[in-house]
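Hi,

Here is the structure I said I would pass on. Have a look, and my notes follow below.

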Amino acid sequence: MRLAALWCCCLAGATAAASATATATDQYYGEDTWVVVVGASRYFANYRHAGNALAVRKAARRFGVPRDRILVLLAEDPTLDARNPMRGEVYLHANQKFTDNLAVDDDGSYADVDYANEEVTPELVRNLLTGRYDATTPKSKRLDSNEHSNLFVYFTGHGGDEFLKFHDADELSAKELALTFAEMRAKRRFKRCILVVDTCQAGSLFKYLDNSTSGILAMASAKLGENAYASPADATTGVALADRFTEQAIRWLSSTGSEMGATWGHFVHQMTRARTGSTLEVYDKAWGGPDWKRAPIRAFLGDPPGEEHSLTFAEL
């Protein structure tokens with residue numbers, strides 16, 4: 001009888017502990033998750049920026065975000081470019097056997113690119129994020145998030161002190177970025193948001209984020225005054241396929257980061273140690289509580305627990 005009673009007490013304690021852990025984790029999840037991925041560079045020589053963007057998109061798909069809640073903007077898509085020796089295919093890792101085509105989902109369907117080429121501008125990005133659409137914009141090209149949604153936004157391209165370049169002709173400034181997120185917050189477009197930027201001097205884009213942009217955690221691949229470096233060029237395509245920061249991030253997300261207990265604190269710890277040639281910068285002043293380091297990866301790159309997901313990662 002005493003042994004049975006002891007077993008019941010241990011079981012009750014374990015159940016209570018598991019329940020408390022689940023409750024602590026659940027506070028980070030939204031009712032749904034939206035992902036916006038922007039590759040701002042033009043020309044085949046910038047293949048890597050499209051590769052970065054498509055790799056982040058595919059990671060989100062594999063974490064379980066539905067296709068209709070991922071919006072992809074590519075200033076130039078190399079998938080079918082005549083200069084691409086592997087037309088219809090885009091890869092992330094150079095000079096090795098190509099095994100994971102980023103242009104195709106695991107079910108064999110081609111990745112959706114919602115906005116492409118000349119239509120990808122700073123104005124389009126601002127309007128998409130803030131919900132200012134033309135009446136003819138189809139629902140599939142709209143960010144229909146709300147105050148209960150978690151949002152993951154990723155930018156890649158060429159940048160400088162307080163700007164992100166589009167098409168080598170236009171710029172999204174740090175002030176415009178802050179005003180955009182302030183408007184999103186005022187319009188209740190998200191519950192919490194993780195913003196990741198992989199460009200040279202990416203950290204300078206966060207200069208004007210403040211309390212009007214509460215609920216945002218921002219991460220930059222390089223701080224002010226630093227370059228963000230490309231990975232080595234690929235012998236087959238003749239260009240770099242990825243930037244170091246995003247390539248290392250995807251490697252981690254496809255292995256340790258895909259585990260259920262992986263958090264953004266783990267991500268930052270890993271990327272701080274990664275050999276990218278630049279310094280990871282984290283801006284958390286606008287986040288507020290609870291502790292972002294405990295936030296699950298899946299709360300922003302997956303959907304809330306309980307829904308069906310595709311959680312199998314290919315070897316990236």
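Let me start with Gly257: leaving aside neighbours within four places in sequence, Gly257 is in contact (heavy atoms within 4.5 Å) with Phe63, Trp252, Ala262 and Ile297. Before going on, the background: this is a predicted model, where local features need pLDDT of at least 70 and side-chain atom pairs count only at pLDDT 80 or more, while totals for chains, interfaces and linings use all residues. Residues are numbered from 1 along each chain as its sequence is written, and side-chain values use heavy atoms, with hydrogens and water left out.

Gly257 sits in the loop between α5 and α6 (helices are DSSP runs of H or I, at least four residues, numbered from the N terminus). Its relative accessibility is 0%, so Gly257 counts as buried (under 20% relative accessible area, 1.4 Å probe, protein chains only). From Gly257 to Phe267 it is 10 residues in sequence and 7.3 Å in space, C-alpha to C-alpha.

Ser258 is in the loop between α5 and α6 (264–273) and is buried, at 18% relative accessible area. A polar atom of the Ser258 side chain lies 2.7 Å from the backbone oxygen of Ser255.

Now the helix pair. The axes (lines fitted to C-alpha atoms over the stretch in contact, with angles from 0 to 180 degrees between N-to-C directions) of α2 (residues 47–63) and α5 (residues 244–253) come within 10 Å and cross at roughly 15 degrees. That is why α2 and α5 are roughly parallel (angles under 35 degrees). Asn52, Ala55, Val56, Ala59 and Phe63 of α2 make the contact with Thr246, Ile250 and Leu253 of α5.

Cheers

Notes: Helices (H or I, at least four residues) and strands (E, at least two) are DSSP runs, numbered from the N terminus. Angles under 35 degrees count as roughly parallel, over 145 as roughly antiparallel, 65 to 115 as roughly perpendicular and the rest as oblique. Buried means under 20% relative accessible area, exposed over 50%, partly exposed in between (1.4 Å probe, protein chains only). A polar contact is a pair of N or O atoms within 3.5 Å; within protein, one must be able to donate a hydrogen and the other to accept it, and residues adjacent in sequence count only if both atoms are side-chain atoms.
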